[in-house]
Amino acid sequence: MKFYRQAAWDEPLLNAMGRKGRKGISMPKDQFPSSTLRIPDRLLRKEIPLPNLSQIEVVRHFTHLSQMNFSIDSGMYPLGSCTMKYNPKLASRIATDRKITGLHPYQDERTIQGILEILYRLSFYLAEITGMSRVSLAPSAGAHAEFVGGLIIRKYLQEIGEPAKDEILIPDSAHGTNPSSAVLAGFKVVKVRSDSEGLVDMDSLKSVTTKKTAGMMLTVPNTHGLFEKNIAEINSIVKEAGGLMYYDGANLNALLGKVRPADMGFDILHLNLHKTFATPHGGGGPGAGPIGVVAKLEKYLPIPSIEKQRGDPSYFLKYDLPSSVGRIKGFYGNIGVLLRAYVYILMLGREGLSGVAEQSVLAANYLRKRISAPQYSSPFKNERPKHEFVLTLSNEDLTASDVAKSILDAGVHAPTTYFPLTVRESLMIEPTEAEPVENLDRYADVLEEIAELSVRNPAQLKGSPRHTSIGRLDAVKANHPLTMRYKWTNVSDRKKG
Amino acid sequence: MLDVIGVSSIDDLFSDVPEHFLWRNRFSIPHAKSEYEIEREIEETLSKNVSYENLCFLGGGCYSHYIPAVVDELASRSEFLTSYTQYQPESSQGMLQALFEYQSMICDLTGMEIANSSMYDWATSLGEASRMAMRINGRKKILTFDNVGHERLQVLRTYTMSLGMNLEIISSDIRGRADLHSLTEMMSEEVSSVYLETPNFFGIVEDEVDDIAGIVHQKGGLFVVGIEPISLGLLREPGTYGADIVVGDGQTLGIHMNLGGPTLGILASRGDKSFVRQMPGRIIGSTTAENGTRTGYATIMQTREQHIRRENATSNICTNQALSAVTACIYLSLLGGDGLGELARSIASKTQHTARLLAELPGVAMRFESPIFREFVLQVENSSQVVEKMSTFGVGVGPWLGRWYPSLRDSFLVAISEIHSKKDLDFLRLTLARAL
């Protein structure tokens with residue numbers, strides 16, 4: 001633990017490094033300098049206040065920055081609900097091939113048959129894996145798909161003559177994107193409480209399910225890492241009220257190959273390919289959030305769809321979908337991400353895919369058992385964690401933040417903290433199937449050491465992290481709009497400009 | 001491992017899953033293969049694609065540009081690529097500083113005060129900007145012009161209809177520009193925002209931007225401007241003519257076309273408190289650490305976001321396009337202000353030259369007589385067949401505009417960039433002549 005040191009460059013901002021006359025790249029020269037632009041002078045800008053740098057300065061700057069950034073390739077990253085598993089390098093190599101990167105979205109369809117074939121197959125593999133009837137690859141992320149899912153529910157209810165249904169049920173443990181997406185799709189959010197076991201409280205569910213219920217958004221296993229064992233009953237309560245069931249796929253890693261969401265009765269779902277299907281998360285994105293539906297909802301999926309006619313080898317994009325909820329982004333989807341997920345599926349194959357849930361749940365349960373210090377306790381009774389587990393800190397002096405910052409000093413990433421909101425001082429740990437058992441042991445040891453330190457020398461925890469690029473940041477100071485860019489221009493200055 | 005857990009089999013770990021929900025079948029997905037076999041198989045499939053390479057003249061919101069080797073090299077460093085959102089800023093300073101620098105550069109490029117750290121793409125940025133405007137002024141009507149990207153309009157509709165907003169579209173004038181008379185007539189105190197693109201979807205540099213801003217502001221509306229960032233190496237920054245929110249796509253800043261995704265949604269705005277509070281998405285700010293002795297970066301103003309504000313958040317966005325933003329930041333650092341200015345100028349002059357070159361051909365005309373930047377609308381008979389035919393000759397032009405505009409069934413777009421040499425342009429002309 002004490003030997004880890006993250007690089008700490010005192011890296012200036014690019015703006016402070018810029019010098020007149022420098023250039024990092026030479027682009028082809030203007031071949032027609034005498035050509036008249038015909039753009040009136042008053043529409044031309046006077047200056048471009050971007051720094052001019054040499055190439056080596058740019059390379060060193062971003063190399064230094066990268067060295068101050070923890071990643072999966074640097075070490076264990078058990079961020080709960082984020083499924084930070086190893087990202088296979090083959091997927092990246094294929095996704096950065098000229099055969100894909102140089103394609104323009106408005107090319108003649110006959111010239112993009114290869115990628116359309118792959119996308120078409122991917123959508124059917126994902127349908128097979130989830131049990132859904134059809135999958136659209138258009139959404140850019142999970143939250144994007146949730147919004148689309150909300151629109152599908154709305155459109156479906158309108159078409160069957162139930163426009164008054166305008167409430168979506170969402171457990172208090174849900175991701176914040178669920179209620180936010182539901183509101184943007186035009187619904188009111190009704191909260192469902194969790195019970196003492198960390199599951200949907202059935203009485204609470206029954207009391208809030210009414211004829212206004214349009215549907216329910218549910219994460220399974222939920223964000224407590226627990227399987228909703230009453231899922232069959234939950235489904236029938238919502239469906240008897242005429243609502244649809246939406247499956248938030250953030251935690252599908254716990255069920256992949258073991259349980260198919262459609263078989264549990266879900267009508268709509270999204271997958272986070274940057275979680276379950278091992279595409280790199282890029283420090284926050286891009287990701288991809290394919291959305292799958294049961295047969296009766298297929299016609300509402302976003303435009304365009306990728307189609308193939310029986311007996312005809314060619315693939316095509318279909319735009320004429322009158323019942324669709326519409327277009328949700330420019331072009332077709334995050335192709336570079338989708339292609340990586342396709343590679344991942346082929347690498348695992350049918351055998352490997354079936355083992356994802358088992359291996360990830362095994363790892364989480366093992367790690368949970370290896371943590372025995374009394375400072376960490378389970379917030380729920382009778383728990384049987386799936387791919388992740390939640391701990392709560394029982395010692396008043398030891399905060400989740402202290403634990404997280406201290407973990408960073410060991411050269412591994414912290415768990416998710418202060419989420420779910422239902423648990424105080426929470427740590428949410430998801431090791432994934434990718435870590436060798438020695439790393440799970442080491443992580444448990446680090447947690448135990450921190451617990452021990454909290455008794456022996458609590459001040460040391462408060463002073464962490466010490467071995468990261470920078471010490472604990474002043475969060476209050478950052479929360480001022482003047483800090484959002486390197487220099488602040490006032491509105492009045494701008495107008496004069 | 002099972003012994004430590006205290007169970008006898010992995011199945012015991014799933015004992016809370018009802019038996020009948022367990023999937024006992026095999027997926028109808030191919031058997032696992034070796035890396036080599038997979039790579040070969042996918043390469044074979046991808047070989048069915050045709051890339052036009054230096055003969056790609058397609059436009060319409062996605063453009064072929066040269067991407068410096070440094071950009072790919074740095075942006076694919078695994079420390080950036082395989083990291084998550086910066087929930088622990090002390091160990092994620094690299095991404096945070098890069099995103100902070102991206103925000104700063106976008107502000108400087110657009111002339112706006114604040115920018116977020118990315119949206120999915122231009123179209124969704126527009127959707128978010130219109131929702132933001134509604135929250136700021138409480139109005140629900142959006143006005144825009146039929147010369148903005150058609151697919152963006154579709155997304156705008158999807159993004160706003162469920163919130164009870166409505167969209168009215170103003171026809172452009174015969175020169176393909178925003179029609180000020182119609183705008184003046186339709187502008188009212190019910191209008192939340194007016195959306196204009198410049199250069200617009202037809203490649204035309206909008207002429208009356210100052211006047212449009214005046215008309216919008218006079219009725220208390222917000223002026224949302226859509227841009228393609230390289231054009232801002234030449235054209236006035238929207239902040240100088242009264243834009244309240246700026247949206248656009250950063251694909252041209254070092255991001256491969258990838259059949260249109262992932263790209264980069266740009267969103268910048270004025271810095272008034274109400275704008276800051278209503279901005280969607282993540283924002284990175286600078287702060288200090290270690291008793292004020294060092295500068296560091298962190299995600300700020302999180303109380304706007306879904307993970308805290310839930311149903312009252314400014315947006316549902318969580319995963320965004322962070323790596324694309326870093327890519328754009330690297331690209332802009334390489335070019336610098338001087339390089340970007342020269343690049344934009346060279347594209348504009350080459351576009352002028354090419355337009356003239358092609359319009360000299362018999363049967364070919366410029367559809368609109370207006371200043372252009374990087375693309376233009378060409379009018380020929382049987383234009384959709386001409387586009388198809390040129391594709392078979394290995395030259396990509398388009399999109400054909402009849403797919404969205406009944407009045408432009410005889411027209412298609414041609415886009416020009418630094419990748420096109422004089423030889424390429426001559427070949428384009430020759431191919432067009434053959435395809436007519």
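**Sheet, chain A.** I began with the strand order in this predicted model. In chain A, 7 strands make an open sheet ordered 1-7-6-5-4-2-3, with mixed pairing. I looked at the edges next: strand 1 (134-136) and strand 3 (188-192) of chain A each have a single partner strand, so one side of each has no neighbour in the sheet. From one strand to the next, the twist averages 25 degrees.

**Strands 2 and 3.** I checked how strand 2 (residues 167-171) of chain A is joined to strand 3 of chain A: the two run parallel and share 5 bridges. A:Pro171 has A:Val192 in strand 3 as its bridge partner.

**Helices on the sheet.** Helix 7 (residues 177-184) of chain A packs on the sheet and touches strand 2, strand 3, strand 4 (213-219) and strand 5 (244-249) of chain A. Its direction makes about 175 degrees with that of strand 2 of chain A. I then found helix 5 (residues 113-130) of chain A lying across strand 1, strand 6 (268-271) and strand 7 (291-293) of chain A, at about 125 degrees to strand 1.

**Core.** I looked up the largest nonpolar core, which has 293 residues; A:Leu338, B:Val326 and B:Ile330 touch the most other members. Helix 10 (residues 335-370) of chain A gives the most to this core, 20 residues. Beyond four places in sequence, A:Leu338 has contacts that include A:Leu119, A:Leu137 and A:Leu273.

**Helix pair, chain B.** I turned to helix 5 (residues 93-110) and helix 12 (residues 322-359) of chain B, whose axes come within 9 Å and cross at roughly 65 degrees. The crossing is left-handed. The contact residues divide into 11 nonpolar, no polar and 1 charged.

How values were computed
Residues are numbered from 1 along each chain as its sequence is written. Chains are lettered from A and ligands numbered from 1 in the order in which they are written. This is a predicted model: local features need pLDDT of at least 70, side-chain atom pairs count only at pLDDT 80 or more; totals for chains, interfaces and linings use all residues. Axes are lines fitted to C-alpha atoms, for helices over the stretch in contact, and angles run from 0 to 180 degrees between N-to-C directions. Helices (H or I, at least four residues) and strands (E, at least two) are DSSP runs, numbered from the N terminus. A crossing is left-handed if the near helix is turned anticlockwise from the far one by less than a right angle, and right-handed if clockwise. Ala, Val, Leu, Ile, Met, Phe, Trp, Tyr, Cys and Pro count as nonpolar, Asp, Glu, Lys and Arg as charged, and the others, Gly among them, as polar. A nonpolar core is a set of buried Ala, Val, Leu, Ile, Met, Phe, Trp, Tyr and Cys residues joined through C-beta atoms within 7 Å. A residue is buried if 20 or more other C-beta atoms lie within 10 Å of its own, exposed if 12 or fewer, and partly exposed in between; C-beta atoms are placed from the backbone. Two residues are in contact if their C-beta atoms, placed from the backbone, lie within 7 Å. Two strands pair if DSSP finds at least two bridges between them.
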